[in-house]
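Dear colleague,

I am handing over the structure we spoke about, and my notes on it follow below.

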Protein chains: 2
Amino acid sequence: MSLIKDLISIVGEEYVLNGKGKDTDQDELAAYLTDWRGRYTGRAQAIVRPANTQEVADVVKLCARYEVPIVTQGGNTGMCGGATPSNKGDAVLLVTTRLNHILNVDTVNDTITVQAGCILQQVQEAAAKQDRLFPLSLGAEGSCTIGGNLATNAGGTQVLRYGNARDLALGLEVVTPEGEVLNGLRSLRKDNTGYDLRNLYIGSEGTLGIITAATLKLYPQPVAECTALVAFESLDDALYMLNYSRKGFASKLEGFELMSAYCLQIVNECFPEQHLPLSLDHPWYALIHMADSDSEEQARATFQRVLEEAFNNDIIQDAVLAESIQQSQDLWHLRESIPLAEAIVGKGIKNDISVPISRIAPFVDDTNTALQTWYPGVRHIIFGHLGDGNLHYNIGAPEGEEEGFLAKQEEAFKIVFDSVTDYDGSISAEHGIGQLKKDMLPDYKDEVEISVMRKIKRALDPQGLMNPGKVIDSVDFDY
Amino acid sequence: MSLIKDLISIVGEEYVLNGKGKDTDQDELAAYLTDWRGRYTGRAQAIVRPANTQEVADVVKLCARYEVPIVTQGGNTGMCGGATPSNKGDAVLLVTTRLNHILNVDTVNDTITVQAGCILQQVQEAAAKQDRLFPLSLGAEGSCTIGGNLATNAGGTQVLRYGNARDLALGLEVVTPEGEVLNGLRSLRKDNTGYDLRNLYIGSEGTLGIITAATLKLYPQPVAECTALVAFESLDDALYMLNYSRKGFASKLEGFELMSAYCLQIVNECFPEQHLPLSLDHPWYALIHMADSDSEEQARATFQRVLEEAFNNDIIQDAVLAESIQQSQDLWHLRESIPLAEAIVGKGIKNDISVPISRIAPFVDDTNTALQTWYPGVRHIIFGHLGDGNLHYNIGAPEGEEEGFLAKQEEAFKIVFDSVTDYDGSISAEHGIGQLKKDMLPDYKDEVEISVMRKIKRALDPQGLMNPGKVIDSVDFDY
C-alpha cells in the first residue's frame, strides 16, 4: 500500500502501525483504537507517530493528497470519544506522544513552551523545578497530553482561580489542514494584532488543525495552602458559602468542590480505609481550598476567620480543617475517589454540565424530579466544581437494575439537556463534544452559532479531513 | 434616496443623519466622522443610531441588500482609526450609543449583562452599586463603550490581575453580516460546546459582525488597596522587582506601571501643581498597586514587608507609600498625566507594543540606539504596563524640530516594529490594528496566520461589507 509506504518514508518504519496488516500486534492496535472508557472502538488505515512538527506537517500534507481523514490522539484520556476514529477504517490516526520535549522555561516572563505530546504532569514538574506553578490539574494528569488538554480546553480543579486550559495558553503552533505550520508560539500577555486564532484552535478538538506546541503561563508557587471539608444543610447554603468564600478569599480561592452526601457514602463503602472525618448527617458537602502568597500563619488566620464566621452565621453546619499537607491530600483523595467509587457501584450515565451559579439549586431540584418521574429510584451522583457552575450530574441505575440501564442513556441525556437548556446552561462544560454529543449539539445550541461554526469548519478544512464525525460536520444536509 | 428612507423606516427620522444632506449639521457629522485624536476623517452615506438589537439587525440586512459597507462606532475613542469610515463615502456608520441599558446584574453568579453601547464607567458603576467590581479600567472609561472595548479587546491598568476585555467576557450577542442575531449571551464559566466564537468576535474590530450585548464577569470589591511609587537604578532592577512583586503579592498584584524619569519630568513641568513625592535622580520609576480581600492592616503589612525587603536588597532605590486613598489617587494621577503632558510638549509618534517581559531591557536598549542613529536627539517617552510586557514606547521630536516630524511616522514605525519582531513581540499590544496598522500587519505577522484570518473573513463576511479597510481585507491581490 502506498499510503503506508509514504508514511514510513516520513516517520520511519518503527513509528507506523498498519491498521490492516496481518502482522500487526492486535493489542497494540486496540490500545489506540479504543477510548480509555471502553465506549468507542474505531478502525484506522494506519497509526503514525511523528517525531516533530515537520513530520506532523508532512503526514498531514500526505493525507490531504490522498484525501485520507486524520484523527489526532494525545494520551487517549478524552471523555467523549474525540480521539477515536470511526468504524469506516479510512482514517490515519496521528499520535502526538513523541512530541514530548519541554522547549523552554522563561522564569522572568513566567512562561513555558512545550511540545503538544508532553504529559500534563511533565509540564507541572518542569515548572515546579523552576519554583513555578503550572496550575492545570485534573484526574488524568499522569497520562493526558497538554495538546489534548488544549484541543479540548480541559478544566479541572483549579479553574476557579486560574481558568481553563484556554486561559493558560499564550501562544500555539498549529499544523493546518493543508500541512502548513502556523507559527503562533508567542509568549505575550497582550497582542491585539488581528483575529484570535489561538482560542479558535483551543477547544476545536482537532477538527481545524493539529496543535503541535504551546507557550503557557506560569505562576508563583503558593506559600501556604489551606483545605477544609464542610457540611451544608442545603444546596442554597453551599451556594451562599461559595459567595462568602469569594468575598473572603477573593483570588486566593482555588477550589470549591461540591459533593452530595451520597457521593461520600459510596466512597466510604468502596474505600473503607479512607477516613471520613465528618458524619454524613447532612445532604451536601464541599471541599474548600485556598492558597496564598503570604505566610502559612497569615493564610491560616484568614482561612479560619472566614470559616468560623460562616459557622457562626449558620451557613455551614460542620467543618474539618486540614492540619497538615497529608490531611489536605486525604481530603482531596475523598473527592478524587468519587468517580472510582461510582465505577464500582455500577456503570452510570455521566453528565458534565454547567448552569449559571445562581440557578444551580432549582436546576438540581427540577432535574432530579424529572429523572425520578422518568425512572423511579434512579440514584443521583452529584458532585463537581461548584465555583465554575460545573456539575458532574451523574445518574446511576436503581440497585439491582443495572442491566440495560446504559442503553437508556439517550433518554436520560434528553431530560438533563432539556433542563440544562431551560436554565441557560451548557451540555458540555469541560469534556467537549467529540462523537458522544455531536449529533445532539444542533438541538441545544443557537442555530446561528452552529451556522457560523460550520462556515469556519468549511473555510479552514474544505476537504473535511480533520477529525471527521467530531464536534461538527462540514456539511449539513439540511443546510 | 431610498437607502436613507429605508434606514429612517427602521430607526426613525431622528436617528438618521444624511451624510450628504444639504441640511445636515456639519459639526454633528464631523463629530462622528473624525476620530478623537483628529488623525482620520472619513465620509458616510448616513449615520444611523439604532435603539436595540433588532434595529441593528435590520440595518445590517438593509445594508447587505444594498451592498453598502457598515462601520460600527461606539464612543469613538479608538486609537487606530478603526471606527472611522474611509473617504469613499459609500459606508453607513452605525453608532451603538443608544443600546445603553444594563440588562441584568446577577450577584450570585457574579455577572452583569449589558448592551454594547453602555459606557464603560456606567458598567463599573452598576457593578459597584451591587458591591461588585467590574475591573476593566482605562483612560477613556468616561466615554468609551463596552462594545468598543470588546471589539478591540481593550487592556488598561488592571490587566495584570484581571486580564484584557477578552478575559472578562462570558457571552456575546452578535449581529452577523447577514443581519442574523447570534444569541451567545451565556453567563457560564465553563462551556465546551464547539468553537470559541466569543473570542473570535472579541478583538475583530467590527470586521466579522457587530457586538450588541455582552455578559461580563464581576469580582468582589477589594477590602484594601495599597499603592507605592518606587525608583530603580536600571530597567533590569524594575523587571527584577516585577517578579519579586509577583512572588510576594501573587494575584493581589494589580498594577505595575513603568515610567521613565523623563515621563515624570514632563508631567512635573506641565502640571507643577501635582506634587512629585520623589526626586528624579533615578532613570526609572514604577507605580505598584496591590489589592486584597483581607483587612486594611494585613494588606498594608504585606505591602510594606515586600517593599522593605526589596529596598534592603537594593532592588529599589527609593519609595513612597500612599498613606490614604487621596495619596493613592495622586500617585495614579501622575501616571495618568503622562499622555496629557506628552501632548503639551509636542505631538509625538505613539507606539503600543509588547515583548516578552524577559526581553524588555535589551529591546529598549537596542531600539533606543536604532532610533538615535536614525534621528539624533529624538526624545524617548517610555511608560506602560510592565507587568503585561506592554510599553507605550513613544517618540518625540527633538526640541524645536516638531515641524514635519509626524510625517516621518512610517520610518519610525519600521524601526520600532522591526525591533519588536526581532524580540518576538507584537506591534499592537492593546490598541488593535484599525486602519493605522492594517497595511503593515502582513509584514509583521506569520503568513499562515494572515492566510487563516483571511479565510475566516471571507467565510463570515463574503460580501466584504463589515468595516472594510480595517484589520484585514477579504481579498489579497497577491494571494
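Which rotation, and how much shift along its axis, superposes chain B on chain A? The model is predicted, so local features need pLDDT of at least 70 and side-chain atom pairs count only at pLDDT 80 or more, while totals for chains, interfaces and linings use all residues. Residues are numbered from 1 along each chain as its sequence is written, chains are lettered from A and ligands numbered from 1 in the order in which they are written, and side-chain values use heavy atoms, with hydrogens and water left out.

The rotation is 180 degrees with 0.0 Å of shift, at an RMSD of 0.0 Å (least squares on the C-alpha atoms of residues with pLDDT of at least 70 in both copies). The two copies are thus related as by a two-fold rotation axis.

By the ring rule (Phe, Tyr and Trp, the last by its six-membered ring, pair if their centres lie within 6.5 Å; planes under 30 degrees apart are stacked, over 60 edge-to-face, the rest tilted), there are 20 aromatic pairs over all chains. Phe232(A) and Phe256(A) are stacked, with 6.5 Å from centre to centre and 20 degrees between the planes, and both are buried (under 20% relative accessible area, with exposed over 50% and partly exposed in between, for a 1.4 Å probe and protein chains only). Tyr375(A) and Phe405(A), in contrast, are edge-to-face, at 5.2 Å and 85 degrees, and Tyr375(A) and Phe405(A) are likewise buried. Finally, ring pairs join Phe363(A), Tyr393(A) and Tyr423(A) in a cluster.
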